[in-house]
Amino acid sequence: MAQLTRWQPMGEFTKLRDQMDRMFEDWPRFFGRRIDEEGLRGAWMPAVDIRETKDAFDVVAELPGIEAKDVDVSVQESMLTIRGERKHEEVKENETVHRVEREYGVFERTFTLPSSADPEKIQAKFKDGVLSLTVPKREEAKPKSLKINVEK
């Protein structure tokens, strides 16, 4: 026999408040940051755009303040990984820092390449803090056009 349970709206609000309290107690993980011995640290993620054309996938990552030598692009199986580090600027003698809002530290972005991508032919360019990757499609994956003959 089914048992009837009385609805207690205040109990539902209490459960919701408890869940939100737990979420904010673990805010670094919730907001995508890590904490280590040195305190709040990096784990920032640069903005990335991915576009598809008929011949390739174009991946563009904004990496302001980073030099090309501090960026590593790799492909393992079908995973494209962009990693690097934005180094914190040193405070000079006789200089006082009043505010630091830019994020520093190690970053890593990983994307799954579709089966139509040809990871062997990826091309990379880095200019003015923008990393541009071109991931060509395999020839068999490119769309083909066929001319249709119409008989009269």
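Author: What follows is a set of questions and answers on this predicted model.

Reader: How many helices and strands does the protein chain have?

Author: From the N terminus on, the elements run α-α-β-β-β-β-β-β-β-β-β. The secondary structure therefore comes to two helices and nine strands.

Reader: What share of the residues is buried?

Author: A residue counts as buried under 20% relative accessible area. The protein chain has 152 residues, and the buried ones make up 23%.

Reader: What part of the accessible surface belongs to carbon and sulfur atoms?

Author: The accessible surface of the protein chain comes to about 13,000 Å². The part that belongs to carbon and sulfur atoms is 50%.

Reader: What share of the contacts with a separation of 6 or more joins residues 24 or more positions apart?

Author: A contact here means heavy atoms within 4.5 Å. Among contacts in the protein chain with a separation of 6 or more, residues 24 or more positions apart account for 49%.

Reader: Which strand holds arginine 109, and which side chain of opposite charge is nearest?

Author: Arginine 109 sits in strand β7, residues 105-112. Arginine 109 is buried and has no salt bridge. A salt bridge needs a nitrogen and a carboxyl oxygen within 4 Å. The nearest side chain of opposite charge is 8.6 Å away, and it belongs to aspartate 49.

Reader: Which backbone oxygen does the side chain of arginine 109 reach?

Author: Arginine 109 touches several residues beyond four places away in sequence, among them Met45, Val48, Leu80 and Ile82. Pro46 is also one of those it touches. At 2.7 Å, the side chain of arginine 109 reaches the backbone oxygen of proline 46.

Reader: How many salt bridges does a search of the whole structure find?

Author: Side chains of opposite charge can pair when their charged atoms come close. In this model, the search finds nine salt bridges.

Reader: How many residues apart in sequence are the parts tied together by lysine 137 and glutamate 52?

Author: Lysine 137 forms a salt bridge with glutamate 52, with the closest N and O atoms 2.6 Å apart. Lysine 137 lies in the segment after β9, and glutamate 52 lies in strand β3, so the pair ties together parts 85 residues apart in sequence.

Reader: Is lysine 137 buried or exposed, and what of glutamate 52?

Author: The cut-offs are under 20% for buried and over 50% for exposed. Lysine 137 has a relative accessible area of 9%, so it is buried. Glutamate 52 has 54%, so it is exposed.

Reader: Where do arginine 102 and glutamate 89 lie?

Author: These two residues form a salt bridge, and their closest N and O atoms are 3.0 Å apart. The pair links distant parts of the chain, 13 residues apart, and both partners lie in the loop between β6 and β7.

Reader: What is the relative accessibility of aspartate 118 and of lysine 121?

Author: Aspartate 118 forms a salt bridge with lysine 121, the closest N and O atoms being 3.8 Å apart. Aspartate 118 counts as buried because its relative accessibility is 10%. Lysine 121 counts as exposed because its value is 52%.

Reader: Which residue in the turn of the β5 and β6 hairpin has a positive phi?

Author: Strand β5, residues 71-76, pairs with β6 in the antiparallel sense over six bridges. Serine 74 stands opposite threonine 81, and valine 75 has leucine 80 as its bridge partner. The hairpin has two residues between its strands, and the one with a positive phi of about 55 degrees is glutamate 77.

Reader: How far is the C-alpha atom of lysine 125 from that of alanine 68?

Author: Lysine 125 is in strand β8, residues 123-127. Lysine 125 is exposed, with a relative accessible area of 61%, and it touches Val130, Leu131 and Ser132, not counting residues up to four places away in sequence. Alanine 68 is 57 residues from lysine 125 along the chain, and their C-alpha atoms are separated by 9.1 Å.

Conventions. Residues numbered from 1 in each chain as written. Predicted model: local features only at pLDDT ≥ 70, side-chain atom pairs only at ≥ 80, totals over all residues. Heavy atoms only, no water. Helix = DSSP H or I, 4+ residues; strand = E, 2+ residues; numbered from the N terminus. Buried < 20%, exposed > 50% of the residue type's maximum accessible area, 1.4 Å probe, protein only. Lys, Arg positive; Asp, Glu negative; His and termini not counted. Polar contact = N/O pair within 3.5 Å; in protein donor to acceptor, adjacent residues only side chain to side chain. Pairing = 2+ DSSP bridges. Areas by Shrake-Rupley, 256 points an atom, 1.4 Å probe, with all protein chains shown as cover.
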